[in-house]
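The exercises below are meant to be worked through with the sequence and the model at hand. Try each task before reading its solution.

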Amino acid sequence: MIFINMLSTAGMTKGHGVLSAFEEQTRLVREGLGDQYTILINSWKKADILHFHTVNPSFLLRSWFTSAVKVGYVHFLPQTLEGSIRLPKLIQKLLCKYVLLFYQSMDKLIVVNPSFIPKLVECGIPEEKVTYIPNFVDDEQFHPIGEERRQLVRQKYGLDGGGVLTILCAGQMQKRKGFLDFLETARRCPDMRFVWAGGFSFGKITDGYEEIRQAVEQLPDNVTLTGIVPREEMNDLYNAADVFFLPSFDELFPMTLLEAMCCHKPILVRDLELYPCILEGYYSAASDVEGFVRQLRALTDPAVRKEAAARSAEGHQRYTKQAVLSYWKNCYASLLPQARGDLHL
């Protein structure tokens, strides 16, 4: 049997996509490829493949002193980090260099969006070292619910007002995530209800922390902040909403979009270059607050909203369990020749 050791410390903080991606990918491989591989989690046992989901210094040291094949997950690039956390410039610069060093130490890198392959190549990573495998969300965990249950959830979150379009965003409260534009959009749409599920997962080092904290003290009346919601409760919250709205300025492949698509919710995002290659035809986009308002106004029409929901549901079919599992099956199989010298047979 071949041993794969999944290494991650994403669980140290809650309410972020790296943790969700780790949980989904690990469960997918364990359940789908368990007859071929033994999956370990943060183990010190000898393994044939070390799959690094986070970039801890201890993991980098381990990668230097192992004969196992090393796989690294690219959940972010240095420029993404710069928009997520705020550190002194020297430390930020060193952190960016460290992340690249970590990626360069891997035998194989996995990106969740093909648009980031050329950006890694620009950083000196050989293109043949990089493989695209999309994120995945299990539709047994995220799926549409019945209307009776939906109304109970809406009451729980104070969203039970009849006929009010409810707009949901889920993510960390960061400037990169477009939190301030989310609030401005809400101000311009006082007849709609806006809900943000998430908080400051990285505390005071969150980029824009003070500015966001001050903005939270003057919330528009039509905005609800839930704080960090346990992932097992998020399916209800997606279903309670009418539209999922993600105004981020920079992303890779947000797990929240996949989760909302599983629930067949219309998707509205900022018009970024990374979306067409992964979500072409399945979403609506705008480049600024004025555009967001215009798109949301259009979605107040039930017919438009129904068509947008159908596109979202169609997009979900592109990232089913079996489709993404086949990517991982091929990826791990391609690494086996490198691991043959030390197999646990």
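**Exercise 1.** Decide whether C189 is buried or exposed, and find which cysteine sulfur is closest to that of C189.

*Solution.* Begin with accessibility: C189 has a relative accessible area of 0% and is therefore buried, where buried means under 20% relative accessible area, exposed over 50%, and partly exposed in between, with a 1.4 Å probe and protein chains only. Next, look for a partner: the closest cysteine sulfur belongs to C169 and lies 15 Å away, which is too far for a bond.

Before going on, note that this is a predicted model, in which local features need pLDDT of at least 70 and side-chain atom pairs count only at pLDDT 80 or more, while totals for chains, interfaces and linings use all residues. Residues are numbered from 1 along each chain as its sequence is written, and side-chain values use heavy atoms, with hydrogens and water left out.

**Exercise 2.** Find how many disulfides there are, and examine C123.

*Solution.* A disulfide is a pair of cysteine sulfur atoms within 2.5 Å, and by this rule the count is 0. C123 is in no disulfide, since the nearest cysteine sulfur, that of C96, is 9.7 Å away. As for accessibility, C123 counts as partly exposed because its relative accessibility is 29%.

**Exercise 3.** Compare the span of helix α4 with the expected one, and list its buried residues.

*Solution.* Helices are DSSP runs of H or I with at least four residues, numbered from the N terminus, and α4 covers residues 89-104, 16 residues in total. The buried residues of α4 are Q92, C96, Y98, V99, L100, F102 and Y103.

**Exercise 4.** Describe the largest cavity by its volume and its lining.

*Solution.* A cavity is a set of points on a 1 Å grid over the protein atoms alone where a 1.4 Å probe fits but cannot get out, and lining residues have an atom within 4 Å of a point. The volume of the largest cavity, about 50 Å³, is the space filled by probe spheres set on the points, which are joined across faces, edges and corners. Its lining includes A21, E24, Y73, M255 and W328. The elements giving two or more residues to this lining are α1 (17-32) and α14 (321-339), and the largest share, 4 residues, comes from α1.

Conventions:
Expected span 1.5 Å × (residues − 1). 1 Å grid on protein atoms, 1.4 Å probe; cavity = no way out; pocket = protein on both sides within 12 Å on 5 of 7 lines; lining within 4 Å.
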